[in-house]
Amino acid sequence: MKPGSAMKKRFWKDVAVRTNSDGLFTIYLDSRPVRNPQTKVPLSIPSSKPHLATAIALEWDLLTSAQQALRAHLIPLTSIASRAHDLAMQDASAASSKPASASTAVHQSRTIRDDIIMTLISYLDTDTLLCWAPPPPREADPTMIVVPTLRDVQARVAEPIISYLTTHVWPGVQLNPSLDEGSIFPTQQPQETKDIIRGWMAGLNAWELVGLERAVLAGKSLCVGARLLCEWGESFADVRKAHGTGSSPGVHRFGIEEAAQACSLEVMWQTGKWGEVEDTHDVDKEDIRSQFGSAVLVASATNQL
């Protein structure tokens, strides 16, 4: 057999989702469990996430060779689930071990959770949802027909999202547009706002934090990612119920399409005027929806939808 030829073949026939002794889902390739690429332990999915486990199994069932499993873009849900699995294990390890002293805790290396929170909070000052186009010059002729500008559209889409977050998620927090009229330099959000949001992220469970990370990186917006998480995250069912959203019949929910549009307003505005570039705008349009979809899958639970 030539070197590497085995990688060109699919060594498994069937893919199945099974429940292990702890009640968690594990994906099997025949008799072999799919393993976390970092820790090499079997990848386990919480029992509240059967849709995620099934979707991961489908990813592996669509592969035609073992070599394809080395390409993260072909198994995106496996990748995001592995990251959440790593974080959950690290959280559990940290919770079960207590540092010998305060100085020991200070000198501990940064955790996955610390890195994620630090990365996500850095998006707030240049948040896509808060970066509005400058207003056009005012027309002197009062008879001119006034049409909505890009800034008007951005403000109209942003306001209900900001209102929801500052009322139900981060009460009293101040979120300001990142670009003042006529300015090219982003305005930093208040430090108090950052501290509150940082603390909120620190309280998310591993699967929700990783789902938030995927959404923020996809849309370049912490606000949109947080709004999407609150609409679908497992821990926010009570918030949705208290404020009349969720799975109630006839209730409109903030979903993948709404998140994608909120993060793509300027592109939509420009392509509406000048047209799309083939194999660029159309691919980006589908990719951001795929990324938001994976965020929803990893953060949600079937009993809390």
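This is a predicted model: local features need pLDDT of at least 70, side-chain atom pairs count only at pLDDT 80 or more; totals for chains, interfaces and linings use all residues.
Me: How many residues of H8 are buried?
Reply: The count is 11 of 11, so H8 is largely enclosed by the rest of the structure.

Me: What does the charged end of Arg227 sit over?
Reply: The ring of Tyr164, at 3.7 Å from the ring centre.

Me: And which charged end sits over the ring of Trp232?
Reply: That of Arg253, 3.8 Å from the centre of the Trp232 ring.

Me: Where is the nearest side chain of opposite charge to Arg240?
Reply: It belongs to Glu231 and is 5.3 Å away. Arg240 is buried and has no salt bridge.

Me: Why does 5.3 Å not count as a salt bridge?
Reply: Because the cut-off is 4 Å between a side-chain nitrogen of Lys or Arg and a carboxyl oxygen of Asp or Glu. What Arg240 does have is the backbone oxygen of Glu231 at 3.3 Å and that of Gly233 at 3.0 Å.

Me: Changing topic. How many aromatic pairs are there?
Reply: The structure holds 4. In one of them, Phe11 and Trp12, the ring centres are 4.8 Å apart and the planes are at 80°, so that pair is edge-to-face.

Me: Are those two buried or exposed?
Reply: Phe11 is partly exposed, with a relative accessible area of 44%. Trp12 is at 4% and counts as buried.

Me: Which residues form a cluster with Phe11?
Reply: Trp12 and Trp60; the three make one aromatic cluster.

Me: What about Trp200 and Phe236, how are their rings arranged?
Reply: They form a tilted pair, 6.1 Å centre to centre with 45° between the planes. Trp200 lies in helix H6 (residues 191-202), and Phe236 lies in the loop between helix H8 (222-232) and helix H9 (237-242), so the pair ties together parts that are 36 residues apart in sequence. Both residues are buried.

Me: On to the strands. How much of S2 is buried?
Reply: Strand S2, residues 25-29, has 4 of its 5 residues buried, so to speak mostly covered.

Me: Which way do S1 and S2 run, parallel or antiparallel?
Reply: Antiparallel, with 5 bridges joining strand S1 (residues 15-19) to S2. Phe25 in S2 is the bridge partner of Thr19. The hairpin has 5 residues between the strands, and Gly23 in that hairpin takes a positive phi near 80°.

Me: How many bridges join S2 to S4?
Reply: There are 2, and the strands run antiparallel. S4 covers residues 44-45, and Ser44 in S4 stands opposite Thr26.

Me: And over how many bridges do S2 and S3 pair?
Reply: Over 2, in the antiparallel sense, with S3 at residues 32-33. Leu29 stands opposite Arg32 in S3.

Me: What is the phi of Asp30 in that hairpin?
Reply: Positive, near 55°, in a hairpin with 2 residues between the strands. Asp30 is not a glycine, and its place is in the loop between S2 and S3.

Me: How accessible is Asp30?
Reply: Asp30 is partly exposed, at a relative accessible area of 26%.

Me: Is Lys40 buried or exposed?
Reply: Exposed, at 55% relative accessibility.

Conventions. Residues are numbered from 1 along each chain as its sequence is written. Side-chain values use heavy atoms; hydrogens and water are left out. Rings of Phe, Tyr and Trp (its six-membered ring) pair if their centres lie within 6.5 Å; planes under 30 degrees apart count as stacked, over 60 as edge-to-face and the rest as tilted. Buried means under 20% relative accessible area, exposed over 50%, partly exposed in between (1.4 Å probe, protein chains only). A charge sits over a ring if NZ of Lys or CZ of Arg is within 6 Å of the ring centre and within 35 degrees of the ring normal. Lys and Arg count as positive and Asp and Glu as negative; His and the chain ends are not counted. A polar contact is a pair of N or O atoms within 3.5 Å; within protein, one must be able to donate a hydrogen and the other to accept it, and residues adjacent in sequence count only if both atoms are side-chain atoms. Two strands pair if DSSP finds at least two bridges between them.
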